[in-house]
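Welcome! Please open the structure in your viewer and follow along, one selection at a time.

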Amino acid sequence: MAGADPAFHDRKPESTASAEFAAWDSTLETCVRQIANGAQQGLAALYDRTSSLVYSVALQILRDPADAEEVTLDVYLQVWRSAAKFDPARASVSTWLVMLARSRAVDRLRSGMTRKSRESALEGVADPASGEAAPDQQTILKLEQRRVRAAMATLEPEQRRTIELAFFGGLTHSELAKKLGQPLGTVKTRIRLGLMKLRQALSGAEG
Amino acid sequence: MATGCELLEEHYEPFALGVLEGSERAEIQAHLDEGCPVCVPAVRRASELVGRVALASPEAVPPAALRRKLLATIQAQQPKRLRLPVWSWAVAAALAIACLVLGAGIRERNRELAQLSRLNDELQDRDATYRRALAILSAPGTRSVALAAVAPASPQVNAYWNEIAGLVLTGRHMPALPPNRTYQLWVVPKKGNPVSAGTFEPGAQGLALLISRPAAKPAEAAALAITDEPAGGRPQPTTKPIWVGPLG
């Protein structure tokens with residue numbers, strides 16, 4: 001932006017993903033390009049690599065396997081329709097997917113469309129050989145999950161709770177303040193300091 | 001924009017987390033929609049951080065049947081052949097003759113419209129790609145890196161890397177690869193293992209364009225390198241580099 005302080009341009013934070021995870025994430029872009037060209041195998045490959053991540057986020061928000069399955073399905077159908085519009089300048093593929101999952105799950109939560117007591121329509125259909133990521137894919141994802149959990153554990157408990165409520169509950173600043181019974185300024189500070197600490201922890205805990 | 005980007009900095013993460021409300025959120029969204037070269041990549045980094053929170057959720061695996069349901073749904077959306085009873089063929093034949101006479105003009109026009117629509121989509125995608133490349137090339141602080149071919153008589157490839165805006169790689173007359181192979185660009189850091197910066201396949205006349213956001217920073221990199229890898233790329237190079245460009 002015109003007139004911006006040059007030092008401001010230089011103030012780029014460290015990457016918050018491990019090198020292995022970033023490399024893994026960049027290979028997902030190939031799947032998205034294949035999907036944009038109408039290749040179903042691209043969608044299958046993307047699903048195999050990322051569905052546990054998308055499903056985990058949906059399940060954490062909705063707490064119901066049947067709802068989480070529907071959101072997961074919605075996410076990949078959305079990817080199938082709009083892969084050509086994916087812009088790597090805006091987000092990595094994994095972030096795009098989890099934010100899609102989060103957005104759809106929170107929408108469902110807010111609209112009261114959840115079906116807590118419904119049994120999964122897919123329960124009992126056993127096919128453990130398919131639909132799971134390859135072992136090396138799982139390993140990279142699991143290592144990154146472990147790294148993020150360790151980083152989250154460095155946050156103050158109230159910072160962590162506020163950030164998790166915001167992310168998995170889809171709450172805004174004022175909704176968080178009301179739910180937690182805290183002043184708005186306190187909630188804003190917890191989020192700001194908590195995310196700052198999380199960035200530091202992830203940038204410093206490379207590998 | 002009345003407000004300087006510096007004043008928006010503290011809102012990047014809250015915006016990405018979705019906790020901002022009303023005018024605060026609208027103001028940043030409008031600013032991002034203008035394509036601000038400072039705030040767009042900054043919000044991308046904020047989104048990457050916020051996206052990490054998702055990884056803290058307990059691990060769960062969807063049922064295997066969901067994969068089949070997804071692929072079946074996609075398949076169902078593809079054009080299908082109708083299965084008609086035998087008697088219907090006589091009706092169909094009569095209708096077909098009528099359609100041939102009456103519908104030829106309409107079909108031709110629909111075909112042209114579909115072609116134009118596809119062409120329009122392609123041009124819009126290309127336009128967006130070239131705009132992103134241009135934003136990187138014209139961003140302050142972008143440095144160029146010439147990647148020389150290890151083998152003689154191969155063309156030179158050029159990269160343009162901006163710490164904030166990203167990296168553009170351009171190549172001409174690049175040799176085509178078999179369908180199951182892809183070129184992969186690597187950032188070779190001064191310390192540690194190479195980091196993938198994306199995969200690409202040359203198009204017509206060997207033209208290649210890759211836009212990437214490497215996880216590493218230019219100051220940390222010793223070189224850029226390109227290898228030939230299996231389709232989809234690999235977390236680490238499995239072949240020797242074909243092109244290498246040192247960062248001075």
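Start by selecting chain A and chain B together: 16 residue pairs, both at pLDDT 80 or more, are in polar contact between them (a pair of N or O atoms within 3.5 Å; within protein, one must be able to donate a hydrogen and the other to accept it, and residues adjacent in sequence count only if both atoms are side-chain atoms). This is a predicted model, in which local features need pLDDT of at least 70, side-chain atom pairs count only at pLDDT 80 or more, and totals for chains, interfaces and linings use all residues. Residues are numbered from 1 along each chain as its sequence is written, chains are lettered from A and ligands numbered from 1 in the order in which they are written, and side-chain values use heavy atoms, leaving out hydrogens and water.

Next, pick helix H5 (64–77) of chain B. H5(B) gives 12 residues to the side of chain B that touches chain A, the largest share (helices, H or I, at least four residues, and strands, E, at least two, are DSSP runs, numbered from the N terminus).

Now show the side chains of Arg52(B) and Glu144(A), which meet in a salt bridge at 3.7 Å, N to O (a side-chain nitrogen of Lys or Arg within 4 Å of a carboxyl oxygen of Asp or Glu). Between chain B and chain A there are five salt bridges.

Then move to strand S3 (residues 166–171) of chain B, which is largely enclosed by the rest of the structure because five of its six residues are buried (under 20% relative accessible area, 1.4 Å probe, protein chains only). Look for Asn158(B), whose bridge partner in S3(B) is Thr170(B).

Finally, select Leu167(B) and find Ser212(B) of S6(B) opposite.

Definitions and conventions
Buried means under 20% relative accessible area, exposed over 50%, partly exposed in between (1.4 Å probe, protein chains only). Two strands pair if DSSP finds at least two bridges between them.
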